[in-house]
Amino acid sequence: IRVHAIDNVDPCSGAAVLSRGIVGDRGGEPVVASPIYKQSFSLLTGRCLDEEGKAVAVYQVRILDGYVQVELP
């Protein structure tokens, strides 16, 4: 199983909605599409694939003893 953690705030709309986005892939890269304006963000790098200069933070994640652990800054 693959788990990713990114910021929830969509930098294009300013709304905390990425947790409700559609998860998929673009060219083999896992992405989440914002439910507001539909921009896709890489779950690996946080880079917006549709708008230059936009990105979200990406956090390291691991699963340990059935618990998801997210490393925060």
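**Reading the strands and the core**

A: We may begin with a sheet: three strands form an open sheet in the order 2-3-4, with antiparallel pairing. Its edge strands are strand 2 (22-26) and strand 4 (40-42), each of which pairs on one side only. Please note that this is a predicted model.

Q: How should I read the pairing of strand 3 and strand 4?

A: One looks for the sense of the pairing and for the bridges. Strand 3 (residues 29-33) pairs with strand 4 in the antiparallel sense, over three bridges. Within this pairing, Val-31 stands opposite Ser-42 in strand 4.

Q: Where do the side chains of a strand point?

A: In a regular strand, side chains alternate between the two faces of the sheet.

Q: Which residue takes a positive phi in the hairpin of strand 6 and strand 7?

A: Strand 6 (residues 61-64) and strand 7 (residues 67-70) are joined in the antiparallel sense over four bridges. Val-61 stands opposite Val-70 in strand 7. The hairpin has two residues between the strands, and Asp-65 takes a positive phi near 55 degrees.

Q: How many helices and strands are there in the protein?

A: The protein has zero helices and seven strands. Read along the sequence, the pattern is β-β-β-β-β-β-β. The radius of gyration is 12 Å, close to the 11 Å that the globule rule gives for 73 residues, so the protein is as compact as a globular protein of that length. Along the principal axes, its C-alpha atoms fill a box of roughly 35 × 25 × 20 Å.

Q: What share of the residues is buried?

A: A residue is called buried when its relative accessible area is under 20%. Of the 73 residues in the protein, 29% are buried. The protein exposes about 5,000 Å², of which carbon and sulfur atoms supply 51%.

Q: Which residues make up the largest nonpolar core?

A: That core has seven residues: Cys-12, Leu-18, Val-32, Phe-41, Leu-43, Cys-48 and Val-56. Leaving aside neighbours within four places in sequence, Val-56 is in contact with several residues, including Leu-18 and Phe-41 of the core. Its other contacts include Ile-6, Val-9 and Pro-11.

Definitions and conventions:
Residues are numbered from 1 along each chain as its sequence is written. This is a predicted model: local features need pLDDT of at least 70, side-chain atom pairs count only at pLDDT 80 or more; totals for chains, interfaces and linings use all residues. Side-chain values use heavy atoms; hydrogens and water are left out. Two strands pair if DSSP finds at least two bridges between them. The radius of gyration is taken over C-alpha atoms; the globule rule is 2.2 Å times the number of residues to the power 0.38. Buried means under 20% relative accessible area, exposed over 50%, partly exposed in between (1.4 Å probe, protein chains only). Accessible areas come from the Shrake-Rupley method with a 1.4 Å probe; for residues, only the protein chains shown count as cover. A nonpolar core is a set of buried Ala, Val, Leu, Ile, Met, Phe, Trp, Tyr and Cys residues joined through side-chain atoms within 4.5 Å. Contact means heavy atoms within 4.5 Å.
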